Amino acid sequence: MDICASVRSAEMDDERLQRSAGELRRLINEGGEATATLPEGPTSTGSKGDPVTLGTIALTFLTSGAAVAVFKVLETFVGRKRAIEVELSRPDGHKLILRAQDMQADQIAATQRLFQKLVSK
């Protein structure tokens, strides 16, 4: 299943947001169970990205355990960067938005179930 992940923050400028998306992409790729790439799209020299692709990552799950591994990366990433939220969306339009408050001890299990449901369809 392919999922689009969009890193967003009202407190960060475009450059910091893109760096954060790059960090998330690197962390996911290090796990080896999923690939995180920049979405394909037209580019022009000197362009930082348009509002649609800025902070966006395309995720492809490679193994059956990939969803758990990616969730753990997202849990750590969002929990550490409190000003960030990550919107995950499927091609059919279903979405899940992860925020720091979703990663509190009493919310993690429910959030992980929602994530599993999103990526397993």
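**Entry 1: helix 2 and helix 3**

I began with how helix 2 (residues 66-80) and helix 3 (residues 108-120) pack in this predicted model: their axes are 10 Å apart and meet at an angle of about 130°. I took helices as DSSP runs of H or I with at least four residues and strands as runs of E with at least two, numbered from the N terminus. The axes are lines fitted to C-alpha atoms, for helices over the stretch in contact, and angles run from 0 to 180 degrees between N-to-C directions.

The two helices are therefore oblique to each other; under 35 degrees would count as roughly parallel, over 145 as roughly antiparallel, 65 to 115 as roughly perpendicular, and the rest is oblique. Helix 2 passes helix 3 in a right-handed crossing, the near helix being turned clockwise from the far one by less than a right angle.

Which residues make the contact? On helix 2 I noted Ala67, Val68, Val70, Phe71, Leu74 and Glu75, and on helix 3 Ile108, Thr111, Gln112, Phe115, Gln116 and Val119. Contact here means heavy atoms within 4.5 Å. I sorted these residues into eight nonpolar, three polar and one charged. Nonpolar covers Ala, Val, Leu, Ile, Met, Phe, Trp, Tyr, Cys and Pro, charged covers Asp, Glu, Lys and Arg, and the others, Gly among them, are polar.

**Entry 2: ground rules**

I kept in mind that residues are numbered from 1 along each chain as its sequence is written, and that side-chain values use heavy atoms, with hydrogens and water left out. Since the model is predicted, local features need pLDDT of at least 70 and side-chain atom pairs count only at pLDDT 80 or more, while totals for chains, interfaces and linings use all residues.

Next I followed the chain from the N terminus and read β-α-β-β-α-β-β-α. I found an open sheet of five strands in the order 2-3-1-4-5, with antiparallel pairing. Strand 2 (34-37) and strand 5 (95-98) each have a single partner strand, so one side of each is left without a neighbour in the sheet. Neighbouring strands are turned by 25° against each other on average, direction ignored.

Helix 1 packs on this sheet and touches strand 1, strand 2, strand 3 and strand 4 (85-89); its direction makes about 160° with that of strand 2.

Two strands count as paired if DSSP finds at least two bridges between them. Strand 1 (residues 2-8) pairs with strand 3 (residues 56-61) over five bridges, and Ala5 has Ile57 as its bridge partner there. Strand 2 and strand 3 pair over four bridges, with Ala34 opposite Phe61.

Buried means under 20% relative accessible area, exposed over 50%, and partly exposed in between (1.4 Å probe, protein chains only).

Is Ile28 buried or exposed? Ile28, in helix 1 (residues 14-31), is buried at a relative accessible area of 3%. Leaving aside neighbours within four places in sequence, Ile28 is in contact with Ala34, Ala36, Leu59, Val70 and Val73.

Ser6 is in strand 1 and counts as buried at 15% relative accessibility. Beyond its neighbours within four places, Ser6 is in contact with Gly55, Thr56, Glu85, Val86 and Glu87.

For the whole chain, I noted that buried residues make up 38% of the 121 residues.
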